[in-house]
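Visitor: Please take a close look at a single part of this structure, the aromatic side chains, and then relate that part to the rest of the chain.

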Amino acid sequence: PPASQNNEQGSTLRDLLTTTAGKLRLGSTDAGIAFAPVYSTGTPSGKSGRTMPNILDDIIASVVENKIPPNRTPKMNVKSEIKDEPKDDRKCILDDSSKLYNDIQYSWICDKHVLWLRDHKNSNNWKLFKECWKQGRPVLVSGMHKKMNFSLWKAESISLDFGNQQADILNCKDSIISNTNVKEFWDGFEDVSKRQKIKNGETALLKLKDWPSGEDFKAMMPARYEDLLKSLPLPEYCSPEGKLNLASHLPGFFVRPDLGPRLCSAYGEYALEGERVAATKDHDIGTTNLHVEVSDVVNILVYVGIAKGNGVLSKSGVLKKFEEEDLDDLLRKRLKDSSELPGALWHIYAGKDADKIREFLQKIAKEQGLEVLPEHDPIRDQSWYVNKKLRQRLFEEYGVKTCTVIQFLGDAIILPAGALHQV
């Protein structure tokens, strides 16, 4: 917050938590809670006859009593702020950005829904990012690989260092998970002839499931961990200690969430089958199904492997498959740039469309004769990859438009919590 606000009680979440916690007496109770409640009445010994205190009620009571004077309205009223926003908030950002941020290299893609920051080195990027982030919009930052030690992220390098490790490997075609040596996965990463075959003779489409992640990543791959951290885009927001990363301000008595990082690795969609190369029918299979994260996410494409083997699609063939997507003109232009290497296809949806998408997927499940239980949530279950035909129906029947983004080598995609996506 501005310096003038620093002395206002409760002006930030950190102030609110720490000042409230200061009123809670540390100690242990039979219930094993971290601290005892605020006792405003009771005997000198502090006993008030409450053996199972409700901490949340005490915090709320303390905030209401001490932090919001009766003659002052709360600083943040989420509902009223949303209600009072201009109807075309996106147009407002666009108009302002062209005047205020002419020192930043940027574009708007996906029907002006996604901000593309083209110069990862610009120290002013965060100022425009902040305005976009207020509206809960995804952001793309390109060129992050130029800051990284590329040799650390090659498939052969990871296989050489960690091939004897065991990990869960998912076959995206039949959803079967097996526990095997990591080397087996990496051996087939760029050599199709070394990939597993499933029972009908098809080549497996494998994904290494979040290996390693969190503290395991830091302990197992310290050099890669440090390389990643120094290369994060918008460090004010994305660094674990970033001044605008809320997690870095959580008081010490809070249990910090697992912010990763985790390594996500998967084969490309096109696999050798007999004497021909076959893409899965109508792109029905993704390596990451439609889902939602509970925290903001930054995903950096650190390596793109070029599959080799008899009959494997050439780079031009792969590019043609990308061009069949409903792409923004700027993304089509990037595809024609020989210095750019595409590696992943994303479909992103705004969090506000979650209920419509959930209803649509349940409707499709019924059409396909699948049992739909009342408690079933297709988004939470991550059981769907929405193919091209379904994406078209979703738009025609529910008015929900898909934001299609191609992630090139070195691109960082930053998603707000609640944004639905598949890869």
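Guide: Phenylalanine 189 counts as buried at 12% relative accessibility, where buried means under 20% relative accessible area, exposed over 50% and partly exposed in between, for a 1.4 Å probe and protein chains only. The model is predicted, so local features need pLDDT of at least 70 and side-chain atom pairs count only at pLDDT 80 or more, whereas totals for chains, interfaces and linings use all residues. Residues are numbered from 1 along each chain as its sequence is written, and side-chain values use heavy atoms, with hydrogens and water left out.

Phenylalanine 189 belongs to one aromatic cluster, formed by Phe150, Phe185, Trp186, Phe189, Tyr267 and Tyr303. Rings of Phe, Tyr and Trp (the six-membered ring of the latter) pair if their centres lie within 6.5 Å; planes under 30 degrees apart are called stacked, over 60 edge-to-face, and the rest tilted. By this rule the count comes to 13 aromatic pairs. One of them is tilted: the ring centres of phenylalanine 150 and tyrosine 303 are 5.8 Å apart, with the planes at 35°. This pair links distant parts of the chain, 153 residues apart: phenylalanine 150 lies in the loop between strand E3 (139–141) and helix H6 (155–162), and tyrosine 303 in the loop between strand E11 (297–300) and H11. Here helices (H or I, at least four residues) and strands (E, at least two) are DSSP runs numbered from the N terminus. Phenylalanine 150 is partly exposed, with a relative accessible area of 33%, whereas tyrosine 303, at 17%, counts as buried. Tryptophan 186 and phenylalanine 189 form another tilted pair, 5.1 Å centre to centre and with 55° between the planes. Tryptophan 186, at 7% relative accessibility, is buried.

Arginine 391 is in helix H14 (residues 388–398), while glutamate 325, 66 residues apart from it, is in the loop between helix H11 (315–323) and helix H12 (329–335). Both arginine 391 and glutamate 325 are buried. Aspartate 377 and arginine 358 form a further salt bridge, with the closest N and O atoms 3.0 Å apart. Arginine 358 is in helix H13 (354–367), and aspartate 377 in the loop between H13 and H14. Aspartate 377 is buried at 16% relative accessible area, but arginine 358 is partly exposed at 22%.

Being 4 residues apart in H14, arginine 393 and glutamate 397 are separated by about one helical turn. Shared partners join Lys363, Glu367, Arg393 and Glu397 into one network of salt bridges.

Strand E13 (residues 403–408) is mostly covered, with 6 of its 6 residues buried. From E13, Cys403, Val405 and Gln407 point one way, and Thr404, Ile406 and Phe408 the other way. Strand E12 (residues 342–349) runs antiparallel to E13, joined to it by 6 bridges, and proline 342 stands opposite phenylalanine 408. Two strands are taken to pair if DSSP finds at least two bridges between them. Elsewhere, 4 strands form an open sheet in the order E5-E4-E6-E7, with antiparallel pairing. The edge strands are E5 (176–181) and E7 (265–266), each pairing on one side only. Within that sheet, leucine 170 stands opposite isoleucine 177 in E5. For the chain as a whole, buried residues make up 42% of the 423 residues.

Methods. Salt bridge = Lys/Arg side-chain N within 4 Å of Asp/Glu carboxyl O.
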